[in-house]
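User: I have a chain open and would like to go through it piece by piece. Can you take my questions as they come?
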Amino acid sequence: MDFATLETLRLKHPAWRLLVAGNASLIASFLHRVFVASNAREVPQRELALRLEDHLHVLREQRGETAFPRGAGVYLDEWAADSAGWLRKFYPPGTDEPHFDLTPAAERAIRWLGQLTEQPFVGTESRLLTVFHLLQEMTEGTEPDPGARLAELERRKSELESEMARVRAGHLDLLDESALKDRFQQMSDTARGLLSDFRALEDHFHALDRRVRERIATWEGTRGELLETVLGERDAISDSVQGRSFRAFWDFLMSPEHKDILTKNLERILGHPAIQAMQPDPRLLRIHFDWLEAGEHTQRTVARLSGQLRRFLDDRVWKENRRILQVLRGIEKHALALRASPPEGSFMELDDLAPTVELPLERPLYSPPSRARMADEEVLEATEAVPSDALFNLAYIDKTRLRANVRQALVDREQVSLAELVRSHPLEHGLAELVTYLSLASEDRKASVDESRTQELFWTDARGLPRRATLPLVLFLR
């Protein structure tokens, strides 16, 4: 904890940057609610942006419309940038929509903030006993003398026999309320900390994968030497210290016997009157299922990374795509060289993230036009004059222009409501134009209509009178 180390952490560590950020309260509260409290991982960008918009809307109602003026997408990109490092932005296999996950550094800062609140009970006995038992376990696990091991086992046997005799005599040593609360506090802190360990472990696996890929990208030797080196380290991810520890934890947790014991013990302890008086987090009753969910996600990540490394060096792919691999390797080398000082501004543009595929079978089948049947009837001359002004007052609604308005509004944002469109492009033909917008929303598969929320639209009709319409919330999505 010298000055130079702390100064480096202050300048480069994401957790420190989060604590001193200008919007630290906004960032920590939102990330805690979405990722930490719900144990969520890999949240799609669209869902995360909508939840952030709702969060910002609530804060603006409390603090004024000028609070947090930027959009949700801008905030998410800023939090995922290398200059912040609070979110990890990535593309899962099989999807072209970016997903976000909380980084271990940001989660560590958020959990530290949670510990700043005053705890209703602070105990030290359980921590002291934990230290004692760990030291005892390490001492016994490193004792090579069989005589010493047998002496220790005999001592335990004598203690167990003495305790069994006291129980038979009706003397039970029960924990008092303070000791029970002390141990429960330590158990709950450790249980929640395990969820943070999963995210840190997964981040370490990604770092191992990146290092192996960097070695492949910068390899200058022969292909045989590369295969020997990488295939010799193909199990580096799962055979690392973190990987072996995770497998031991996973084997213990996957045991049906251990899961049943955990469930019964949690139900019994959380139902104790002394523990209920502490108002514990009800999610602790299902904490082991949260462990399983987080562990399964980490298992899938390790399997996916290992599989990608194996496919990366597949012999057939190497032969068929040798030129492509050489080009990609050159791109990776340049990317690694510029990683420390990336160019500023836009330096490459893509027309789209994925090609547009139109399958022939998606085209509708031919429907023959219906033939009108003519009835022979006598046509009589009109006896009274009918005003024809209504025929000349018909308004033509340009659907292409309205669709262009929607596309223009979605250029710099992920979504736009119908009310915002009407404000930026006032209705020229009143209700008929509004109905056309609703028709566009019904034809667009990406548009959504929320019946539980409403929006008010205002316009001026041809006679100069103000008009207002209340409709369900209509959103056009990019």
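**Strands, helices and a loop**

Analyst: Let me start with a pair: F90 stands opposite H99 in β3. The model is predicted, so local features need pLDDT of at least 70 and side-chain atom pairs count only at pLDDT 80 or more, while totals for chains, interfaces and linings use all residues. Residues are numbered from 1 along each chain as its sequence is written, and side-chain values use heavy atoms, with hydrogens and water left out.

User: How many bridges join β2 to β3?

Analyst: Strand β2 (residues 87–90) and β3 are joined by 4 bridges and run antiparallel. Strands are DSSP runs of E with at least two residues, helices are runs of H or I with at least four, and both are numbered from the N terminus. Two strands pair if DSSP finds at least two bridges between them.

User: And which residue in β3 is the bridge partner of V43?

Analyst: F100 in β3 is the partner of V43. Strand β1 (residues 43–44) pairs with β3 over 2 bridges, in the antiparallel sense.

User: Which faces of β3 are covered?

Analyst: Both: H99 and D101 on one side, and F100 and L102 on the other, are all buried. Buried means under 20% relative accessible area, exposed means over 50%, and partly exposed lies in between (1.4 Å probe, protein chains only).

User: OK, other topic. What is the phi of F68?

Analyst: F68 has a positive phi of about 50°, although it is not a glycine. Most residues other than glycine have a negative phi.

User: Where is F68, and is it buried or exposed?

Analyst: F68 lies in the loop between α4 (45–63) and α5 (72–80). It counts as buried because its relative accessibility is 17%.

User: Which residues in α3 are buried?

Analyst: Among them are A24, L26, I27, F30 and V34.

User: Last one: what order do the strands have in the open sheet?

Analyst: The open sheet of 3 strands has the order β4-β6-β5, with antiparallel pairing. Its edge strands, β4 (415–417) and β5 (448–460), each pair on one side only. Between β5 and strand β6 (residues 466–477) there are 10 bridges, and Q455 stands opposite L471 in β6.
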